[in-house]
Amino acid sequence: MVDRKTNRVITLEEYIIQGQNKFPGATGELSQLLRDIGLAAKIISREVNKAGITNILGEDGTTNVHGESVKKLDLFADKQLISALNRSEITCMVISEENDGIVELDNDGGKYIVYLDPLDGSSNIDLNVSIGSIFSIYMRKSSATDKLSKKDALQSGVEQVAAGYVLYGSSTLMTYTTGLGVSVFTLDPSIGEFILSDDDVKIPDHGTIYSVNEGSYQSWDEGLKQYVKYCQVEDPDTSRPYKARYIGSMVADVHRTLITGGIFIYPNSSQYPNGKLRLMYECNPLSFVIEQAGGMAIDGEGRILEIEPESIHQRTPIFIGSKENVMKVKEFLEEYKQETIEA
Ligand code: AFP
């Protein structure tokens, strides 16, 4: 995208500074934090792109807090992001999928708390399929002189001051929101800069793609089974049957949903009674982005962003995407829940 006034491209750095200048009292710290994430993303992107020729593919031999095997690139991404956040002394606490507990940084007075999924979609790493990094940023609640407490870490999604993701796909994209719309930047490897490629992105109100792991069909609630059948029925007036697409990296599936519209679902099931995906570093940040683009994200009943978290690695079911698609699945879930209660 080209700046109309100067007729030249806009870099991530310039864009962040322009955004900061709109707030006269801004200290520039959030801008710095976003730039730090952008820098770590470039380093991770470089490593992802040459993963096959360096010895970084494959498993590390350990498991993370969720019992999933850890890949070497997961650890690399985690380390890069945490050290980037430690550099500018504005983040006091990081909570990452790869770490069991809270990572307290050296900056006692730092005013931001960052949640990270350093490399989402790890099972796709060795297959050259899109993966991503997700981030979610909160202001610290306690004063800089107080000890960090649970209330600093466990804030609901509506309190996020910024959130976004980096997608390592056919190109590397960084998408983020600070609550004033959604912007997308594409990494131009020839100059090593993220360039603004889309500003104020809007998700279509209705889309014709549904995205869910249908292998788990048997263990879903009846309402979801019926909704998926509805997606598959032929009805030209509502552009059905919808297309099914499922990458298995939430960040890639949600990015496609943002651009084309439709719905991404990871429900509760008998295998995952509370859903599989993590509230704080997968569902909240992506829900903030999708809502800012005009879409919706619910856990089957209420808004994802309004869930009061109880633990840092908490899971939740999620139904996220175009407004009309999310409202429709909600209708099905409510209707069949009511039938179960009445039966
Ligand atoms: P991995 O990081 O272990 O590959 O998990 C990815 C993920 O958390 C999310 O990105 C996907 O949408 C979801 O899990 C895929 O889960 P299923 O393999 O159960 O469909």
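Is E89 buried or exposed? E89 counts as exposed, at 56% relative accessibility, where buried means under 20% relative accessible area, exposed over 50%, and partly exposed in between (1.4 Å probe, protein chains only). This is a predicted model, in which local features need pLDDT of at least 70, side-chain atom pairs count only at pLDDT 80 or more, and totals for chains, interfaces and linings use all residues. Residues are numbered from 1 along each chain as its sequence is written, and side-chain values use heavy atoms, with hydrogens and water left out. Helices (H or I, at least four residues) and strands (E, at least two) are DSSP runs, numbered from the N terminus.

**Helix packing**

- Two packed helices are described by the angle between their axes and the distance between the axes.
- Axes here are lines fitted to C-alpha atoms, for helices over the stretch in contact, and angles run from 0 to 180 degrees between N-to-C directions.
- Helix α2 (residues 29–49) and helix α3 (residues 72–87) have axes that come within 9 Å and cross at roughly 155 degrees.
- α2 and α3 are therefore roughly antiparallel to each other; angles under 35 degrees count as roughly parallel, over 145 as roughly antiparallel, 65 to 115 as roughly perpendicular and the rest as oblique.
- The α2 and α3 crossing is right-handed, a term for the near helix being turned clockwise from the far one by less than a right angle, with anticlockwise giving left-handed.
- For α6 (residues 250–260) and α7 (residues 279–292), the axes come within 11 Å and cross at roughly 15 degrees.
- α6 and α7 are therefore roughly parallel to each other, and α6 passes α7 in a right-handed crossing.

**Helix α6 and its end**

- Helix α6 is mostly covered, with nine of its 11 residues buried.
- The buried residues in α6 are M250, V251, A252, D253, V254, H255, R256, T257 and L258.
- G261 follows α6 and has a positive phi, near 85 degrees.

**Backbone features in loops**

- Most residues other than glycine have a negative phi, and most peptide bonds are trans.
- E89 has a positive phi, near 55 degrees, and is a residue other than glycine.
- E89 is placed in the loop between α3 and β5 (91–96).
- D200 is not a glycine either, yet its phi is positive at about 50 degrees.
- The loop between β12 (193–198) and β13 (209–211) holds D200, which counts as partly exposed at 44% relative accessibility.
- A cis peptide bond runs from R240 to P241, with omega near 5 degrees.
- P241 lies in the loop between α5 (222–232) and β14 (243–244).

**Salt bridges**

- A salt bridge is a side-chain nitrogen of Lys or Arg within 4 Å of a carboxyl oxygen of Asp or Glu, and by this rule the count comes to 16.
- D200, with its positive phi, also forms a salt bridge with K202 through their side chains (3.5 Å, N to O).
- R240 counts as buried, at 12% relative accessibility.
- A further salt bridge joins the side chains of R278 and E282 (3.4 Å, N to O).
- R278 is buried, with a relative accessible area of 2%, and E282 counts as buried at 2% relative accessibility.

**Nonpolar surface patch**

- L127, V129 and I247 make a nonpolar surface patch of about 230 Å².
- Patches are made of residues with over 30% relative accessible area and no salt bridge; like charges are joined within 9 Å, and nonpolar side chains (Val, Leu, Ile, Met, Phe, Trp, Tyr) within 5 Å.
- Accessible areas come from the Shrake-Rupley method with a 1.4 Å probe, and for residues only the protein chains shown count as cover.
- V129 is found in the loop between β7 (112–120) and β8 (131–139), and V129 is partly exposed, with a relative accessible area of 31%.

**Strand β8**

- I134 lies in strand β8 and counts as buried, at 1% relative accessibility.
- I134 and L116 are 18 residues apart along the chain, and their C-alpha atoms are separated by 5.7 Å.
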